[in-house]
Amino acid sequence: YVSYWPIVEALYPDAQTQWANGQAEVRAEGLELFIKPQSTYLVANGRYLYVPDGVACKNSSLLVPVRVLCRALGATVRWNSGTVYITSGSGPITPGGQAYPQDSLFWLSRIIYAESGNQPLAGKIAVGNVVLNRVNSPAFPNSVYAVVFQQSQFTPVMNGTIYSTPNAESVIAAKLCLEGAMVLPNAYWFNGVGRSCWASRNKECIAVIGGHAFYG
């Protein structure tokens, strides 16, 4: 964890920061960065970058993981003999409008909302992890759309709630998952806690998050 401002200032001398809306707001040419205390993500150019242990605050300074911060700033990080070396890149992170595959974001945010819209953010991310774990497994279809609409897999597809407009946090969870946020790397199924299903009878329960049990 490092204090964000000295690194931002070193890499972007024209940067300006202010405290507004309960967060630090940083602006420089090509960069908008928002850092909120205790939040589990940074927002950089519309990109949502996961901070699993949360943004820390110490002696009035906001502290964030150096690799997450440098990713936002387009810099690289190298460790050598206990020293951290940071090298500037060609510019800050690519904006979200260019980075997120729109079809994947559309359906991932909808399945997250339909399955876990009332769950904590970690639970939403876990549902997104299940979908993307399937996409990356040869045992399942290889796109978000195909995984979501695979026959008899997700109740929201069968009852039509998959078409509901997702809430803001479900969209954020989808973006975090597409950025690589990982809560459950080995989960491929989930169900309501205590409910019987094929996975509960045949697979190991590896986690319970909110109202869902996850199986791998």
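Which residue is the bridge partner of Val-2 in strand 8? It is Val-64. The model is predicted, so that local features need pLDDT of at least 70 and side-chain atom pairs count only at pLDDT 80 or more, whereas totals for chains, interfaces and linings use all residues. Residues are numbered from 1 along each chain as its sequence is written, and side-chain values use heavy atoms, with hydrogens and water left out.

View 1. Strand 1 (residues 2-3) runs antiparallel to strand 8 (residues 61-64), and 2 bridges join them. Strands here are DSSP runs of E with at least two residues, helices are runs of H or I with at least four, and both are numbered from the N terminus; two strands pair if DSSP finds at least two bridges between them. Strand 7 (residues 56-58) also pairs with strand 8 in the antiparallel sense, over 3 bridges. Ala-56 has Leu-63 as its bridge partner in strand 8. The hairpin of strand 7 and strand 8 has 2 residues between the strands, and Asn-59 takes a positive phi near 50°.

View 2. The strands follow the order 2-3-4-5-6 with antiparallel pairing. Strand 2 (16-20) and strand 6 (47-50) are at the edges with a single partner strand each, so one side of each lacks a neighbour in the sheet. From one strand to the next the twist averages 20° (angles run from 0 to 180 degrees between N-to-C directions, and axes are lines fitted to C-alpha atoms, for helices over the stretch in contact). Strand 5 (residues 41-44) pairs with strand 6 through 4 bridges in the antiparallel sense, and Tyr-41 stands opposite Tyr-50 in strand 6.

**View 3. Helices on the sheet.** Helix 1 (residues 4-11) packs on the sheet and touches strand 2, strand 3 (23-28) and strand 4 (31-35); contact means heavy atoms within 4.5 Å. The direction of helix 1 makes about 5° with that of strand 3. Helix 8 (residues 168-178) lies across strand 5 and strand 6, at about 70° to strand 6.

**View 4. Helix 4 against helix 5.** Helix 4 (residues 102-116) and helix 5 (residues 121-135) pack with axes 9 Å apart, at an angle of about 125°. The two helices are therefore oblique to each other (under 35 degrees counts as roughly parallel, over 145 as roughly antiparallel, 65 to 115 as roughly perpendicular and the rest as oblique). Residues making the contact include Leu-108 and Ile-111 of helix 4 and Val-127 and Val-131 of helix 5.
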